[in-house]
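Here's my note on the model you asked about. Have it open beside you as you read.

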Amino acid sequence: TDLSIHQPTIVSGLAYGIDIAAHKAALKNNLSTIGVLAIGLDDFYPKTHFNTAQKMMEKGGIASDYLSKTQLLPTNFAERNRIVAGMADAVVVIESSSKGGSLITADLANGYNRDVFAVPGRLDDKQSAGCNRLIKTNKAALIESAKDIEYVLGWVKETQTRNKTIQK
């Protein structure tokens, strides 16, 4: 919602959790949103996201690098992440275990010279270990809010920043 003024296109692997939440939020805020499947366009996974994907077809789309009748294999998920990273100007990792798929996307994005952001989490939270490691190893910028993304990507004009400073 906070980034909607900039009209970004939201891209993800349409996975459970943060991915589907981002697509639903994009649709709610009338933003373009693209899901990249790990299977051919003749099938759909995860099936529970099919209705959201139908809505996405009206405001963005669904993409795949796989032919029809392709078998869904665990390796497909990591492979499709190269498309997600390639389509994005920036990758935001909200939550990840130490071996989460979003870490693959973040590594690919770094290799493509894309900006990578991560939300830090509690040290004892297994679902924060990946984000914390990205930040610790300088592979991602720490973000706390949409304002951090706006700043790094240059979406906030200098005059806007000056005006806000003067008004304070």
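1. First, the ground rules. This is a predicted model, so to speak of local features I need pLDDT of at least 70, and side-chain atom pairs count only at pLDDT 80 or more, while totals for chains, interfaces and linings use all residues. Residues are numbered from 1 along each chain as its sequence is written, and side-chain values use heavy atoms, with hydrogens and water left out.

2. Start with the sheet. It is open and has 3 strands, in the order β1-β2-β3, with parallel pairing. (Strands are DSSP E runs of at least two residues, helices are H or I runs of at least four, and both are numbered from the N terminus; two strands pair if DSSP finds at least two bridges between them.) The edges belong to β1 (10-12) and β3 (60-64); each has a single partner strand, so one side of each has no neighbour in the sheet. From one strand to the next, the twist averages 15 degrees.

3. Now look at β2 and β3. Strand β2 covers residues 33-37 and pairs with β3 in the parallel sense over 5 bridges.

4. Which strands does helix α3 touch? Helix α3 (residues 74-87) packs on the sheet and touches β1 and β2, its direction making about 155 degrees with that of β2. Contact here means heavy atoms within 4.5 Å. Axes are lines fitted to C-alpha atoms, for helices over the stretch in contact, and angles between N-to-C directions run from 0 to 180 degrees.

5. Is Asn-76 buried or exposed? This residue of helix α3 is buried, at 3% relative accessible area. (Buried means under 20%, exposed over 50%, and partly exposed in between, with a 1.4 Å probe and protein chains only.) Apart from neighbours within four places in sequence, Asn-76 is in contact with Ala-38, Tyr-66, Thr-70 and Gln-71.

6. On the surface, there's a nonpolar patch made of Ile-18, Val-92 and Ile-94, with about 210 Å² of accessible area together. Patch members have over 30% relative accessible area and no salt bridge; nonpolar side chains (Val, Leu, Ile, Met, Phe, Trp, Tyr) are joined within 5 Å, like charges within 9 Å. Areas come from the Shrake-Rupley method with a 1.4 Å probe, and for residues only the protein chains shown count as cover. Ile-94 sits in the loop between β4 (90-93) and α4 (101-111) and is partly exposed at 37%.

7. How many salt bridges turn up in the whole structure? The search finds 4, where a salt bridge is a side-chain nitrogen of Lys or Arg within 4 Å of a carboxyl oxygen of Asp or Glu. One of them joins Asp-65 and Arg-82, with the closest N and O atoms 2.5 Å apart. Asp-65 is in the loop between β3 and α3 and Arg-82 in helix α3, so the pair ties together parts 17 residues apart in sequence.

8. Another salt bridge runs from Asp-107 to Lys-139, the closest N and O atoms being 3.9 Å apart. This pair links distant parts of the chain, 32 residues apart: Asp-107 is in helix α4, and Lys-139 is in the loop between α5 (129-136) and β6 (141-142).
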